[in-house]
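Subject: Handover of a structure and the findings from it

Dear colleague,

Please find below the structure that I am handing over to you. The findings follow it, grouped by topic.

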Amino acid sequence: MVGACVALSASCWSLNGRFQNLTVTATHSNASFPSFSAQTSLKLFSNGAAKLMMPLQRQIGRSIVCEAESKQKADSAAKRARQSEKRRMYNRARKSEIRTRMKKVLEELDIIKKKKDVQPDEILCVEKWIADAYSVIDKAVKVGTLHKNTGARRKSRLARRKKAVEIHHGLYVPTITDSIAA
């Protein structure tokens, strides 16, 4: 049976493009299983495209029925890689936002420090930006993007810089109890 008929079941119709080079030939007329030609791709079968290929005895003649795997179970390592990449991008965006907010506060404090006369209203504006930066830092610590000590250090850096600007312009006068407490 040299030119055996290949009958594709309903589950194999989607694989029609992959089986274009597949030819089936029988070595003997009463062979139990047909052999495949040299054109058949080994990669096709190693990737699991055809789960089961068995000859079936029918009244008409021999035919091959194949069943394609419907859904492969996700590999746990691949899933972990996808999850870690998603978290990395999320954490990267959050850290970038923290750096941006801190940079804006520090730049504004430098501008205020260079001015000759500063009004207390200007410091209040910076305090609002510092509060926003504190909020973003606290949220990052809460979800685990930053370590709690790192968040505390960054908040302390902003507070110390603000206090230094206030001292520089005479808006804040430290007392003895402030220096002992610190």
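A residue is called buried when its relative accessible area is under 20%, exposed when it is over 50%, and partly exposed in between (1.4 Å probe, protein chains only). By that rule, buried residues make up 24% of the 182 residues in the protein chain.

Please note that this is a predicted model, in which local features need pLDDT of at least 70 and side-chain atom pairs count only at pLDDT 80 or more, while totals for chains, interfaces and linings use all residues. Residues are numbered from 1 along each chain as its sequence is written, and side-chain values use heavy atoms, with hydrogens and water left out.

Overall architecture

The protein chain has 5 helices and 4 strands. These are DSSP runs numbered from the N terminus, a helix being H or I over at least four residues and a strand being E over at least two. Read from the N terminus, the order of elements is β-β-α-β-β-α-α-α-α. Contact here means heavy atoms within 4.5 Å. Among contacts in the protein chain with a separation of 6 or more, 54% are between residues 24 or more positions apart.

Helix α3 consists of 24 residues and spans 35 Å from its first C-alpha to its last, close to the expected 34 Å. The expected span is 1.5 Å times one less than the number of residues in the helix. After α3 comes Gly144, which has a positive phi near 95°. The buried residues of α3 are Ile123, Val126, Ile130, Ala133, Val136, Ile137 and Ala140, and they pack against α2 and α4.

How do α3 and α4 lie relative to each other, parallel or antiparallel? Helix α3 (residues 120-143) and helix α4 (residues 148-169) pack at an angle of about 175°, and their axes are 9 Å apart. The two helices are therefore roughly antiparallel to each other. For these values, axes are lines fitted to C-alpha atoms, for helices over the stretch in contact, and angles between N-to-C directions run from 0 to 180 degrees. Angles under 35 degrees count as roughly parallel, over 145 as roughly antiparallel, 65 to 115 as roughly perpendicular and the rest as oblique.

On the α3 side, the contact is made by Ile123, Glu127, Ile130, Ala133, Tyr134, Ile137, Asp138 and Val141. On the α4 side, the contributors are Lys148, Gly151, Arg154, Lys155, Leu158, Ala159, Lys162, Val165 and Glu166. The residues of this contact divide into 9 nonpolar, 1 polar and 7 charged. In this count, Ala, Val, Leu, Ile, Met, Phe, Trp, Tyr, Cys and Pro are nonpolar, Asp, Glu, Lys and Arg are charged, and the others, Gly among them, are polar.

Salt bridges

A salt bridge is counted when a side-chain nitrogen of Lys or Arg lies within 4 Å of a carboxyl oxygen of Asp or Glu. The whole structure contains 7 salt bridges.

One of them joins Lys162 and Glu127, at 3.2 Å from N to O. Lys162 lies in helix α4 and Glu127 in helix α3, so this pair ties together parts that are 35 residues apart in sequence. Lys162 is buried, at 18% relative accessible area, whereas Glu127 is partly exposed, at 31%. Through salt bridges that share partners, Glu127, Lys162 and Glu166 form one network. Leaving aside residues up to four places away in sequence, Lys162 touches Leu109, Ile123, Glu127 and Ile130.

Glu85 is partly exposed at 38% relative accessibility, as is Arg88 at 40%. Glu97 is partly exposed at 34%, and Arg101 is partly exposed at 31%. An α-helix has 3.6 residues a turn, so residues three or four places apart point the same way.

His169

His169 also belongs to helix α4 and is buried, with a relative accessible area of 19%. Not counting residues up to four places away in sequence, His169 touches Ile112, Lys113, Lys115, Lys116 and Val118.

With kind regards
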